[in-house]
Amino acid sequence: MRLYTHPACLQHDPGPGHPESPARLHAILAALDRDRFATLDRIEAPRASIDALERVHDPAYVARILASAPVDGVVRLDEDTLMSPASAEAALRAAGAVAAAVDAVLNERASRAFCAVRPPGHHATADQAMGFCLFNNVAVGAAHALAEHGLERVAIADFDVHHGNGTQDIFAREPRVLFVSSHQSPLYPGTGGADETGVGNLLNVPLPPQTGSRAFRETWEERLLPRLDAFRPQLLLVSAGFDAHRADPLAQLQLDADDYAWLTAQLVDIARLHAGGRVVSTLEGGYDLDALTTSAAAHVAALMS
């Protein structure tokens with residue numbers, strides 16, 4: 001199994017007090033440096049190509065993001081989303097990690113991959129940065145699989161506590177991509193209603209605060225996993241946000257690390273049935289450092305199984 005990351009992703013700094021801080025990635029990489037992860041094939045993420053970015057983002061938007069990084073300090077793109085001098089490079093490496101991981105698993109150089117990168121991506125729409133996200137990393141990977149590898153069925157499973165509105169927006173009219181998501185509602189960004197079905201390729205299951213482990217697992221067992229299984233994906237991508245953890249300060253779903261290990265194992269099983277075991281996961285949210293560390297480690301351990 002491969003681990004993709006890059007030092008630039010540690011240098012993207014939205015400023016003091018921002019929840020999406022470099023400390024998040026430092027904590028994850030420290031956890032994945034332990035003996036149980038010694039067999040990970042550690043790869044430096046390449047930059048995403050402009051072509052790869054423009055498959056999912058408007059060309060003018062791509063140019064604007066790449067030109068927006070300040071010489072010093074930070075520049076604010078919206079209330080929550082900021083860029084520092086290293087942010088454009090970090091965003092290129094984050095999106096490039098997912099595209100490279102897709103190449104690796106589809107060319108049989110690895111069975112699975114985890115992209116330990118930031119900024120996250122699933123809120124970025126075709127033409128708007130939001131929710132800490134600049135480029136939509138998982139969408140870049142999915143579009144790359146369609147365009148460069150000729151796949152006909154790519155699935156994206158998103159278990160971040162916040163709805164992946166950008167991913168949904170990009171693929172809402174693309175039947176070759178299935179997007180399934182559980183997320184807390186009401187909560188930012190206010191999208192992801194059960195009635196948002198695209199062209200039959202979106203399955204959103206909003207969950208109320210205080211849902212807890214049992215109901216979360218039942219939701220996936222009864223609704224989301226069967227839909228993934230029926231789609232028979234040739235590749236499974238994961239937007240791996242760990243902010244549904246009970247310790248996270250931004251939401252209240254009340255999960256724990258064992259829930260992420262359980263769900264990851266279920267996703268791997270579906271990938272084994274239909275996709276030759278091919279899974280590419282990329283980091284999204286998770287803002288309590290201890291919870292993020294244990295949850296990401298549990299996720300990666302399950303991907304390695």
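How many disulfides does a search of the whole structure find? The search finds 0 disulfides. Keep in mind that this is a predicted model.

**View 1. Cys115 and the cysteine sulfur closest to it, in Cys9.** Here the sulfur of Cys115 lies 9.6 Å from that of Cys9. A disulfide needs two cysteine sulfur atoms within 2.5 Å, so this pair is too far apart for a bond. Cys115 is also buried, with a relative accessible area of 0%.

**View 2. Cys133, a cysteine in no disulfide.** For Cys133, the nearest cysteine sulfur is that of Cys9, 13 Å away. Is Cys133 buried or exposed? Cys133 is buried, and its relative accessible area is 0%.

**View 3. Helix 8 and helix 9, seen through their axes.** Two packed helices are described by the angle and the distance between their axes. Helix 8 covers residues 212–231 and helix 9 covers residues 257–274. Their axes come within 11 Å and cross at roughly 15 degrees. An angle under 35 degrees counts as roughly parallel, and helix 8 and helix 9 are therefore roughly parallel to each other. Their crossing is right-handed.

**View 4. The residues where helix 8 meets helix 9.** Take a moment to find the side of each helix in turn. From helix 8, the residues in contact include Phe216, Trp220, Leu225 and Leu228. From helix 9, they include Trp262, Leu263, Leu267 and Ile270. Arg217 and Glu221 of helix 8 also take part, as do Asp258 and Asp259 of helix 9. Sorted by class, this contact has 9 nonpolar, 3 polar and 5 charged residues.

Definitions and conventions. Residues are numbered from 1 along each chain as its sequence is written. This is a predicted model: local features need pLDDT of at least 70, side-chain atom pairs count only at pLDDT 80 or more; totals for chains, interfaces and linings use all residues. Side-chain values use heavy atoms; hydrogens and water are left out. Axes are lines fitted to C-alpha atoms, for helices over the stretch in contact, and angles run from 0 to 180 degrees between N-to-C directions. Helices (H or I, at least four residues) and strands (E, at least two) are DSSP runs, numbered from the N terminus. Angles under 35 degrees count as roughly parallel, over 145 as roughly antiparallel, 65 to 115 as roughly perpendicular and the rest as oblique. A crossing is left-handed if the near helix is turned anticlockwise from the far one by less than a right angle, and right-handed if clockwise. Contact means heavy atoms within 4.5 Å. Ala, Val, Leu, Ile, Met, Phe, Trp, Tyr, Cys and Pro count as nonpolar, Asp, Glu, Lys and Arg as charged, and the others, Gly among them, as polar. Buried means under 20% relative accessible area, exposed over 50%, partly exposed in between (1.4 Å probe, protein chains only).
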